[in-house]
Structures are given as C-alpha cells and as structure tokens.
Amino acid sequence: MKKILSAALVALLVLGVFSGCSVNSTVGGKTLTFWSMWSDGEPQAEVIKEAAAAYKEKTGIQVNIEFKGRDVNTLLSAALESGEKIDIIEDDYQRIAQIYGQYTADLTEMAKAANYKGYDCLNDQVIAWAGHLNSIVEQPQVGGVFYNKDAFAKAGITAEPKTWAEFLNACTKLKDAGYAPLALDAAYADFTFYHQLVRHLGEKKIEQLAMNGGWGRETGAVAAAQEIIDFVKAGNLADGAPDEYPSSQNKVGFGSAAMVVCANYVTAEVNNNCGVQLNWGLFNYPTVPGSDNTSAYAGANSLAITAYSELKQEAFDFIMLLTTGEFDQKMADKAAQIPADPANKAPAHLSGTVETLLAADAPMTWCAGINANSDLINSFKSEFVKLYEGKYESGEAFCAALDALYK
C-alpha cells in the first residue's frame, strides 16, 4: 500500500515540474476559463493555445480559451459583476487594476512563492492603483507615433517631428508624396486623442475632468479638440478613418498611409496582416503650442485571476507558464513583442526595449485619466471617434458634448 501511494505521489510531483507550478495544480479533471483580448488566429492567440496544450499535458487541467478580441473591455465589467464563470482575464493592466480591481485576486503571495520578477515600473504602478499586485504582465509596451521610414524618406522628411508645427509640416510633405499621413482605427481613437489632451492638460487634470466634468471651462481641452478638428479638415487622416480595426493601420503596411499612433505591437500586427516587413520607426508624440509635456506611453497587457475563482493557484500556475521562460520567448518571437520575462530577449527591431523598461520610472498610462470614470469610459470613446469623424465644428462644441454626458 505504501509503495502504491509513493508511486502516485512521485507521478504527481513529476507532472508538476515546470516554472511556477505547484503540486496542488497537478490534479486533473479541472477546467480553467480564460477570456482573452486577442482574436483567434493572431500570433498571440496561437502561443496561448500552445501553452494551454502544454499545461494540460503536464497537469491534466483543461484551459478553455474564449478569444474576445480588442473589445473585451466592453464585456468584462458586466460579466465580472454577475460572477460569470471566468478564472483568468486579459486586458490593459490599468483597467484590470482600476476598473476590475474589486473582482480580481491579490497575487502578491503567489508571486513571491514563484519568485516572480517582471518589470518594477509596471508592477509598482499596478500596486499603486490597486493596493496590491492584482495582475501579471503578459506583454509590456512602449508607444508613440510608429511610421514607415521609407515613406518619410520618399517625402523628404529627414528629421522626426518633435513639435505640433513640425508634425503638421511632415503631414503636408507626406500628402505631397502620395501618402495619407495618419492611419486611425476607431479602437484607438481614445489612445490617439489622449496624447493630445495629455500634452495640454497632464494626466491628473484629465482624471479630474473625467470624474467631474467641466471640459468646456478648460482652455487646454478646447485647444486640443480644435487642433484635431483642424487636423482632420486638412485631410491628414487615411481614407475611411476612423475605421474598423485593423483596416486603417493595415494601410501603413499596404503603403497608402505613413503613420499610426499606437503601442509597439502595431508593428507586428501590420507586418503579419499585410505580409510585409516594414521599415518601422518610432518617435514620441509631438509637443503642442504652450506646453512642454513630453510624456511617453509605457504599459502592458496583463493577466488577472477573478476573486471568485475556485482555482486560483492553478490559474496562477498557467499564467506563470505563459509569461516566463519558453512560452514567453515564443510570444516575443512569434508576435514580435517585448518579452514579459526580462530574462528573455526582445526581437531585433525592438532591441533596447527590455533595458528601457527595467530602467524606467512611472510611465504615462493608457488613457489613465479617461479610464478613471468607468461609467463614462465607453461614452468618452464614442465622442472621440466622432471628433475624428469630423462631427464637431469647434473645440467648444466638442467639449460641450462631453459635459452633456454628466447630465
């Protein structure tokens, strides 16, 4: 009898030998439900499926993955509030910390037990928002204006624009050379306009306005909107923009547009979607008149465990498998992204990004001030889309529409 028990125990231990996995997660017959922000067929989705298959082989635990796409954030709040059967969620780390925080588990002790490292600048930001570590970085990001270097060369642009005036001048040169200056998908209208707002107002002021209103009384908000209205009227957006993701950003890959405001993952998305290896460049979003704000975005897509999950350790073990070691390197290579594990290597076109993140302090976040108001976040985004659609004749009219949301 003792020999039989010992053999069973050895089998369990053998099944549990991989980074971050505990013995209690090796008992089969369990199922984890994972809501992903990727779409099936994307490189990220393929790696996640590979990791899930490896996890099942090693533990007997099935990971049911539901690929919800980029609009997962429009579904999560209601699903979490109702206690829908979800163990792992995937989204922007700020939304996870601030909007879904009450529905997520504290991962501090499990992270310590697994000797989890990651990037301090991102983990510290999560802790500052949520009060504890409630997510694990899956894909760290840096952002700004990504552009086709060959298009810039053809247009005779020899220096990356640093000011709004230089940016507009570059747009004129690109149009003269046959390019639409800026691609924009509706999914990123909030991120793109947020840069303009931050340059004028800074993140704290945006958060105050998002929570309390008063947009029309802020000259910086009116100016930011007016600059975009003038930008659109000058014909600086790609045809159809703001378009359905990823139609507009793909126009950079197909050679009809030159720039897109996004995070670094856009380079891999466009390359994969269009079957190209574009000669990508990146510059920080330009400064605007009357302000010297030069904030740069750094953030992450992250993974969290629901507070009501009955399989928290099992879910954490899967997250560790996905975000460290072999599968994280696969994610970095196949999706051409910055690795979540600092011990891994970034692709050649992203060289230096790991070192930059390791050395970074608190970054500019993904629409932080706007996202602070969870009740209006989707309404804000709708108004930003309308702004780029040319629906407003003046900055004052746009800000009045924002203020009307509070009534």
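**Cysteines and helix α8**

Biologist: Which cysteine has the sulfur closest to that of C262?
Modeller: This is a predicted model, in which local features need pLDDT of at least 70 and side-chain atom pairs count only at pLDDT 80 or more, while totals for chains, interfaces and linings use all residues. Residues are numbered from 1 along each chain as its sequence is written, and side-chain values use heavy atoms, with hydrogens and water left out. The sulfur of C262 lies 11 Å from its closest cysteine sulfur, too far for a bond. That sulfur belongs to C367.

Biologist: How many disulfides does the rule give?
Modeller: A disulfide is a pair of cysteine sulfur atoms within 2.5 Å. C171 has its closest cysteine sulfur in C262, at 17 Å, too far for a bond. By the rule, the count of disulfides is 0.

Biologist: What is the relative accessible area of C171?
Modeller: Buried means under 20% relative accessible area, exposed over 50%, and partly exposed in between (1.4 Å probe, protein chains only). C171 is one of the buried residues of α8, along with W164, F167, A170 and L174. These cover an arc (of directions from the helix axis to the C-beta atoms) of only 115°, so they sit on the same side of α8. For C171, the relative accessible area is 0%.

Technical notes. Helices (H or I, at least four residues) and strands (E, at least two) are DSSP runs, numbered from the N terminus.
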